[in-house]
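My plan is to look things up one by one and write down what I find.

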Amino acid sequence: MTKFKVGSVIFSRLNHKPDERVDCEGIIVKHWQTPSRFHGRVVDNVDIYITFDQSWPEEVGNVVTHRGFKEHRWHLKHNGA
């Protein structure tokens, strides 16, 4: 994982378009790697503390585990994001 680190505030958009509204936001609280079941590489896994979730509002305040974390689907939050 090169784009984010533990403590990063990240967000995803509904359709991953720059003008699309934010769907989910959270803070990476843990990162680890495991061997992939499908190829000889490793995959990134993260625990994200959810601070906002448009699609699943009941997840706000929970830590959600993303195994095989798809870094390209998330963005680093900057001021005004």
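The entries below go from the whole chain to single residues.

**Entry 1: the model.** I noted before anything else that this is a predicted model.

**Entry 2: the elements.** The protein chain has five strands and zero helices. Reading from the N terminus, I get β-β-β-β-β.

**Entry 3: overall dimensions.** I wanted to know how the radius of gyration of the protein chain fits the expectation for a compact globule. For 81 residues the rule gives a value near 12 Å, and the chain has 13 Å, which agrees. I also looked up the box. Along the principal axes, the C-alpha atoms fill roughly 40 × 25 × 20 Å.

**Entry 4: burial and surface.** What share of the 81 residues counts as buried? I found 30%. The accessible surface of the chain is about 5,500 Å². Carbon and sulfur atoms account for 51% of that surface.

**Entry 5: contacts and charges.** I took the contacts between residues at least 6 apart in sequence. Of these, 41% join residues at least 24 apart. Then I turned to charges. The chain carries 12 positive and 10 negative ones, and their mean positions lie 7 Å apart.

**Entry 6: the sheet.** In what order do the five strands line up? I read β4-β3-β2-β1-β5, in an open sheet with antiparallel pairing. β4 (63-67) and β5 are at the edges. Each has a single partner strand, so one side of each lacks a neighbour in the sheet.

**Entry 7: β2 with β3.** I followed strand β2 (residues 22-35) alongside strand β3 (residues 42-53). The two run antiparallel, and 11 bridges join them. A hairpin of six residues leads from β2 to β3. I then picked out partners across this pair. K30 faces D47 in β3. Q33 has D44 in β3 as its bridge partner.

**Entry 8: β3 with β4.** I moved on to the next pair in the sheet. How many bridges join β3 to β4? I found five, and the strands run antiparallel. Here Y49 stands opposite V63 in β4.

**Entry 9: H31.** I picked a residue from strand β2, namely H31. Is H31 buried, exposed or in between? Its relative accessibility is 29%, which is why I list H31 as partly exposed. Buried would need a value under 20%, and exposed one over 50%. I set aside the neighbours within four places in sequence and listed the contacts of H31. They are M1, V6, D44, N45 and V46. D44 had already come up as the bridge partner of Q33. I also looked up H66, which is 35 residues from H31 along the chain. The C-alpha atoms of H31 and H66 are separated by 9.7 Å.

**Entry 10: L76.** β5 is one of the edge strands from my sheet entry. With 33% relative accessibility, L76 counts as partly exposed. Which residues does L76 contact, leaving aside neighbours within four places in sequence? I noted F4, S8, V9, I10 and F11. K3 is 73 residues from L76 in sequence. In space, I read 8.0 Å between the C-alpha atoms of L76 and K3.

How values were computed: Residues are numbered from 1 along each chain as its sequence is written. This is a predicted model: local features need pLDDT of at least 70, side-chain atom pairs count only at pLDDT 80 or more; totals for chains, interfaces and linings use all residues. Side-chain values use heavy atoms; hydrogens and water are left out. Helices (H or I, at least four residues) and strands (E, at least two) are DSSP runs, numbered from the N terminus. The radius of gyration is taken over C-alpha atoms; the globule rule is 2.2 Å times the number of residues to the power 0.38. Buried means under 20% relative accessible area, exposed over 50%, partly exposed in between (1.4 Å probe, protein chains only). Contact means heavy atoms within 4.5 Å. Accessible areas come from the Shrake-Rupley method with a 1.4 Å probe; for residues, only the protein chains shown count as cover. Lys and Arg count as positive and Asp and Glu as negative; His and the chain ends are not counted. The place of a charge is taken as NZ of Lys, CZ of Arg, CG of Asp or CD of Glu. Two strands pair if DSSP finds at least two bridges between them.
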